[in-house]
Amino acid sequence: MATIDLHQTTSTEHHDDHGHDHAHHGNFWTNYVFSEDHKVIAKQFLISGMAWALIGGTLSVLFRLQLGFPNADLSWLKPVLGGWLTPEGKIDPEFYLALVTMHGTIMVFFVLTAGLSGTFSNFLIPLQIGARDMASGFMNMLSYWFFFLSSCIMFTSLFISTGPASGGWVIYPPLSALPQAMQGSGLGMTLWLVAMVFFIVSSLLGSINYISTVINMRTKGMSFTKMPLTIWAFFFTAIIGILSFPVLFAAALLLVFDRSFGTSFYLSDIYIGGEALPNQGGSPILFQHLFWFLGHPEVYIVLLPALGISSEIIATNSRKPIFGYKAMVGSMLFIAILSFVVWAHHMFVTGMNPFLGSIFTLLTLIIAVPSAVKIFNYVTTLWKGNIKFTAAMLFSIGLVSFFLTGGITGIFLGNSAIDIQLHDTYFVVAHFHLVMGSASFFGMVAGVYHWFPKMFGRMMDEKLGYIHFWLTFVGVYLVFFPMHYIGIAGFPRRYYSWTNFETFSGFADLNMLVSIAAIMTLAAQFIFLFNFIYSIFRGKQASANPWKSTTLEWTTPRIPGHGNWLGEIPTVYRWPYDYSKPGAKDDYIPQHIPYSETPESNLPHENELIKLEMEENAIVVEGHKH
Amino acid sequence: MLLGILYLIFRIGNLVGLVKGKEEEEEEDSSWNTINAYLLLFFMIGGLGWFFWYSYVHFEGYTLPVASEHGEVTDYLFWLTMAVTVVAFALIFIVMFWFTFKYRYQKGRKAVFFADDHKLEIAWTVVPAIVLALLIFSGLKAWNDITGPASKDAYVIEMVGQQFLWTARYPGVKDKMLGKQNYKMIDASNEFGLDLSDKNSFDDFKSLELHLPKGTEVQLMIRAKDVLHSVFLPHFRLKMDAVPGMYTTFKFIPTKSTADMREETGNPNFNYEMACTEVCGRGHFSMRFPVFVHDTIEDYEKWMASQEAWLKQNPDYLKRVPANLREAAIIKSGIPVDSQEAIMAAPVTVTLN
């Protein structure tokens, strides 16, 4: 009951003066399971996301076994895979496709959308803007439990006898629409669609909450221009999500109609299994347009939060303000807008009108400009810093390097003429795994290392963090860099084996290297897992602000309770990146320190703000008298 | 068990760490910081070194010889983009990891408060924009040429994808036109769904190998019978999806015959191949289709003339030809006289449409 009461009083008008009634008495169920506290929900998302990441990673190692060691006898996996192994002890070709499909689905949606955005938007938005909780704790809770339901359904689909969806994570019809085309397009596909519907509901509930919280619940003084870049990133991410996920919903709904109710949105002139289907007039390309209208913004839904997190971490650990704050916000805004008008670059050679190809080439390469600006800004932030290589910082540097390595190949793929050859080859696989997959994953891990002290009140072990970083960083490069060569040589993706082709007969060595590196990288994640679990219980106790950071979350107690701040929510006076300000005695000045207290380090225009601060404080005091 | 032991070792290590003084710990932190800075530097040098070494030494291994006119253009664009981006990539990579090394933490040093610089920011917005614009426009020109309409005298070939094989249909040498097809007419023998009421279909022939002439434009008309497939001719730098319910098309000029290529690669067994690059189900990886490029147009036409019309191979379908066109069908498809009468004598039972 206490939790519910609290939320009724946590309206924005008088959140300042109710710091005294946070003692929360709920029982186990309301505190840890059906919790409405944003921090608990964030942890729920994080732990679910980590579980999914392990599943997704394991699936990828399974299909890498097939690609790296095509002649290996995998009979020892029989107890786990059962009928999915052929009698010769090899992975069944159709199961191979199921593995690829589920790996993509899990990683893109369940790990890097829910696990990343769900964790850090929930955890950081209220803490960094100075709010007691999300705008609607109840919707926030629903968001998690819809995600959980969706997870259960998707997880179940892995175990049914006909296998999970297997037509690629993009589920292009007619393959995904016709159960007679492959086993996975039967019940597995139905479960995929149902799970995604709940996933979309969850994502929308979350996004609406993030947006309303950022707009309405910022503490006094926290103007938009004083928000940390993390918050900007989560804000844009949520907006992109709200605008694009409903389109996936529509695409999925029409696919459900085609599959179950005999409509022909995506189907036309099909002869399969010895009979001509009655469907005529539909277009498979329509589905691709709808899918990528979500699919491309989805890339940025995954990436922007990671970029926000790394901005924060790089500034903190370089002990320098992030370079070009406004340019960083501007480029994120520009990326967010452009992300809606580049989708068809996934479709240059699908039979789409070539004129559209030219338009989308043009728009796609424009989006490279703000991305380049971001990289330059990161690098300049490092310049003349005083860099502390915490585990979080190392992962953030890793992120920037992946963003660069993978981003640059986007210039090839975005150019329709060059894309003809590279489309659907391993070059594409290398590109998006680096720029979106690994970069976002590193952002997520960096975020965990950085905010772990605030989540659990303890420190993660840094040395294990270094080992984890080096194994993963080198591992990821060893997995994905060689794929560029394999792709330039024309090797198509989603191939069970290449031995049927003379043209694709080489690279057994590189493929083996990639597989070994993949196994190593997955194994390294267990170091992280151990560190994570161990540190929750036995980690060194953290101080309230272990990284000497400026943002508001570090002004909360070691373990922030329900309502986050014990007393009043601090007022914000300055931007979030006053690191190493000339004249200041410490190398950081938190956001809640007024300029009047730091005359030694104020810049000329900031001295003028002091008067303004005084006036505002006076108003606050008067306001309290009423 | 193993995890338990690891846990114990780790726990003991930590407790030992606690015993150490705070100062000692700080010193250790700082030495780790230096180690990480050096490692990042080594990673950069080693990584770039490996990248350039492998790219140089194994160049032959990862590049495919090109065998089409537009392929030479797109290859040029590819390597141009490669040159530009590798320079940018290497520069940023070196600078970034140099910074992480040079500006690693030192006690007592203070970072420089450097929040923005508009000139710098404008410069690195404008320069990439200009470079990208140049790359885009050269790309767009190539794209428009490649996707423009095929010339009227291009050889037209139909490629049909199905789970899990390809078939090619050629217009016969007599009319040089592909006959109409309708998916509802597909059956076990009539795999193209040939519409035999169209007289252009009489001399169409099927091939299980894609034959191409060298030096002349070829237009592929691509379709699929069941799910999406994609025609991929790696040496010709050609890729286009096969979509049920519509034709997609790609035109190109092969520049090297199979014999030329055998000579160039020094591999007497070299063969061109076609693959499927849109996931289409269980047998996706096995949709290989052999390709042969003739040395001259004459050779190619000779080969075409030597092929039997589909109708000749399936004379039973003569029954489906409307009565008034049967004679034309017999002549065009080249059905021998003795089998004609037997077929014609049979009663017409099947009428479509």
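Begin in chain B by selecting the strands of an open sheet of five strands, which follow one another in the order 4-10-9-6-7 and show mixed pairing. Keep in mind throughout that this is a predicted model. At the edges of the sheet stand strand 4 (210–213) and strand 7 (238–242) of chain B, each of which pairs on one side only. If you look along the sheet, neighbouring strands are turned by 25 degrees against each other on average, direction ignored.

**Strand 10 of chain B and its partners**

Next, select residues 289–294 of chain B, which form strand 10, together with strand 4 of chain B; these two strands run parallel and are joined by four bridges. Within this pairing, Leu212(B) has Val293(B) of strand 10 as its bridge partner, and Pro213(B) stands opposite His294(B) of strand 10 of chain B.

Labelling Tyr272(B) and Val291(B) shows one place to look, where Tyr272(B) stands opposite Val291(B) in strand 10 of chain B. As background to both pairings, strands of a sheet pair through backbone hydrogen bonds, either parallel or antiparallel.

With strands 4 and 10 still displayed, bring in residues 297–306 of chain B, that is, helix 7, which lies across strand 4 and strand 10 of chain B and runs at about 145 degrees to strand 4 of chain B.

**The two domains of chain B**

Colour chain B by its domain assignment, in which domain 1 covers 21–106 + 118–147 and domain 2 covers 155–335. The C-alpha centres of domain 1 and domain 2 of chain B are 43 Å apart, and the contact between them takes 10 residues from domain 1 of chain B and 13 residues from domain 2 of chain B. On the domain 1 side of this contact in chain B, the residues divide into four nonpolar, four polar and two charged.

While chain B is selected, go to Gln163(B) and Phe164(B), and check the peptide bond that leads from Gln163(B) to Phe164(B), which is cis, with omega near -10 degrees. Phe164(B) belongs to the loop between strand 1 (155–162) and strand 2 (165–170) of chain B.

**From chain B to chain A**

Show both chains and select the residues where they meet: 91 residues of chain A are in contact with 84 residues of chain B. Several elements of chain A give two or more residues to this side, among them helix 5 (93–129), helix 9 (284–318), helix 11 (354–382), helix 12 (391–413) and helix 15 (462–488) of chain A. Helix 11 of chain A supplies the largest share of the side of chain A that touches chain B, namely 14 residues. By class, the side of chain A that touches chain B divides into 55 nonpolar, 25 polar and 11 charged residues.

**A helix pair in chain A**

To see the contact itself, show side chains for Ala306(A), Ser310(A), Ile313(A), Ile314(A) and Asn317(A) of helix 9 of chain A, and for Ala392(A), Met393(A), Ser396(A), Leu399(A) and Val400(A) of helix 12 of chain A. This contact of helix 9 with helix 12 of chain A has seven nonpolar, three polar and no charged residues.

**Two loops of chain A**

From there, move to Lys384(A), in the loop between helix 11 and helix 12 of chain A, where phi of Lys384(A) is near 55 degrees, a positive value in a residue other than glycine. Then select Pro174(A), whose place is in the loop between helix 6 (137–157) and helix 7 (187–216) of chain A; the peptide bond from Pro173(A) to Pro174(A) is cis, with omega near 5 degrees.

**The two domains of chain A**

Finally, colour chain A by its domain assignment, which gives domain 1 (33–268 + 275–538) and domain 2 (552–625). Taken over C-alpha atoms, the centres of domain 1 and domain 2 of chain A are separated by 37 Å, while 22 residues of domain 1 of chain A are in contact with 22 residues of domain 2 of chain A. The largest share of the domain 1 side of this contact, four residues, comes from helix 5 of chain A. The side of domain 1 of chain A that touches domain 2 of chain A has nine nonpolar, five polar and eight charged residues.

How values were computed. Residues are numbered from 1 along each chain as its sequence is written. Chains are lettered from A and ligands numbered from 1 in the order in which they are written. This is a predicted model: local features need pLDDT of at least 70, side-chain atom pairs count only at pLDDT 80 or more; totals for chains, interfaces and linings use all residues. Two residues are in contact if their C-beta atoms, placed from the backbone, lie within 7 Å. Ala, Val, Leu, Ile, Met, Phe, Trp, Tyr, Cys and Pro count as nonpolar, Asp, Glu, Lys and Arg as charged, and the others, Gly among them, as polar. Domain bounds come from an automatic or database domain assignment. Two strands pair if DSSP finds at least two bridges between them. Axes are lines fitted to C-alpha atoms, for helices over the stretch in contact, and angles run from 0 to 180 degrees between N-to-C directions.
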